[in-house]
Amino acid sequence: MCSLVQKYNVPGPRYTSYPTVPFWDIDTFSGKKWEASVKKSFHVSNSVSGISLYIHLPFCESMCTFCGCHKRITKRHDLEMPYIKSVLKEWKLYSAIFDEKPIIKELHLGGGTPTFFTPEHLKYLIDGILRKADKANDAEFSFEGHPNNTTKEHLQALYDVGFRRVSFGVQDYNETVQKAINRIQPFENVKNVTKWAREIGYNSVSHDIIFGLPHQKLEHVINTIEKTKELKPDRIAFYSYAHVPWLAGNGQRGYNDADLPAGDEKRTQYEVGKELLLNYGYHEIGMDHFALESDRLLKAMQNGDLHRNFMGYTSSNTHLMIGLGASSISDSWYGFAQNVKNVEEYQNLVENDIIPLYRGHILSEEDQIIRRHILNLMCQFKTSWSDFKLHLPQIDSILNRLKEMEEDGLVTITEGSLRINEKGRPFVRNVCMAFDLPLQKKSPDTKLFSMTV
Ligand SMILES: C[S@@+](CC[C@H](N)C(=O)[O-])C[C@H]1O[C@@H](n2cnc3c(N)ncnc32)[C@H](O)[C@@H]1O
Ligand code: SF4
């Protein structure tokens, strides 16, 4: 495995979208085209499955130095209400595009730190959203909670408006690692919030764990998983630390590259961690997610309904996802659009009745076919082009690029289909890269992607 890691560990996308953001054709994109693609998608999505909403809440009280998320560090809680009012105004602008009341199948509050906001303000936000929408019967409402500031009142207030799933950022329990990433977070805090969520009635609690962090050793990863096992979360995201120090203002320069575990060491952390999770009854879902038998993510994977979007893996396969808030990305299946990242600029545009986009991409027919293959690979570890609707004229050159991976036993190619073998699963991003035609034509000039392994 080690030499395979050396061979295939290259910078590569995480494929939360295809085409990936650096390859969006932003010059031919326009707000008008985006609105037309939302209209088209809404028709299909709303009646069949409902739509998804992602709401970005960007504030955090303190900076974790490993963090690659878009956030604003502040202790000013007077920013909460004006921001929420802008999000509700943005929702009103989208509602004007819809020709019937939207049905919300999936709603996710992400960040930053949603629990930076008071329970009353979060309730105000959700009530405002639901004033212009209906909730699907089987709706899935979820949020990201910080174990250091999530209170019983947060959990209760969000439960009362329909939330049943919560994920908590754990990362690692070791003190040296926690100091390096500027995130001191005792086990007790995670234990409390997990217990409260269960007592209140949440049916899916998830923990985020990361391997490959600065100063992190194999024993720390093992210890973190052992402690996590005591709390038995329904889902675990076992992320590879994405080292992206070139992102503006993300503070990852607080430690050196030499403080990070080397490629092979990092891979061993993943391999051993994965083995432990499997031994403790978790099932691997796509890339870097694990779930207990009872969790609906596992059922979605088994039924072939698993979907991947900017929120990560989801069991709700909706066609339209509207992203509200600064930096949020929306997905209409026919196109992507991203909001401006700066909070003040976001608020100004919305106040002036403008959907606050700053870039986007409309998918060509070819993009849509490749996107389907990449989703199949990321969600089911296999794909097929025997159906003419999924045929690509470039398939021979794509398979040529996978020859070496086939010889290494990572993939099996048969007439009209491709399967990623158990041994090849850690390299799923590399397989997707072979299908990524724009990436094959031209690697980006600047550093944009973290390493694949
Ligand atoms: C928005 S945070 C979760 C909510 C809350 N802000 C917190 O930190 O608990 C989302 C998650 O993304 C993951 N994450 C952030 N930066 C990362 C990076 N550079 N590499 C891998 N995972 C990262 C962390 O596991 C984190 O819990
Ligand atoms: S990990 Fe969470 S709390 Fe820390 S800076 Fe990132 S978003 Fe904020």
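In this predicted model, three strands form an open sheet in the order β17-β19-β18, with antiparallel pairing (two strands pair if DSSP finds at least two bridges between them; helices, H or I, of at least four residues and strands, E, of at least two are DSSP runs numbered from the N terminus). Since β17 (382–384) and β18 (411–414) stand at the edges with a single partner strand each, one side of each is left without a neighbour in the sheet. Neighbouring strands are turned by 10 degrees against each other on average, direction ignored (axes are lines fitted to C-alpha atoms, for helices over the stretch in contact, and angles run from 0 to 180 degrees between N-to-C directions).

Three bridges join β17 to β19 (residues 417–420) in the antiparallel sense, and K382 stands opposite R419 in β19.

| Helix | Lies across | Angle |
|---|---|---|
| α12 (residues 365–380) | β17 and β19 | about 150 degrees to β17 |
| α15 (residues 428–435) | β17, β18 and β19 | about 155 degrees to β19 |

The largest nonpolar core has 54 residues, and W91, Y94 and F98 are among those with the most contacts inside it. Such a core is a set of buried Ala, Val, Leu, Ile, Met, Phe, Trp, Tyr and Cys residues joined through side-chain atoms within 4.5 Å; buried means under 20% relative accessible area (1.4 Å probe, protein chains only). Helix α3 (residues 80–95) gives the most to this core, with seven residues. Apart from this core lies another of 44 residues, including L4, C379, M405 and L437.

Residues are numbered from 1 along each chain as its sequence is written. Local features need pLDDT of at least 70, and side-chain atom pairs count only at pLDDT 80 or more, with side-chain values using heavy atoms.

Note on methods: Chains are lettered from A and ligands numbered from 1 in the order in which they are written. Contact means heavy atoms within 4.5 Å. Buried means under 20% relative accessible area, exposed over 50%, partly exposed in between (1.4 Å probe, protein chains only).
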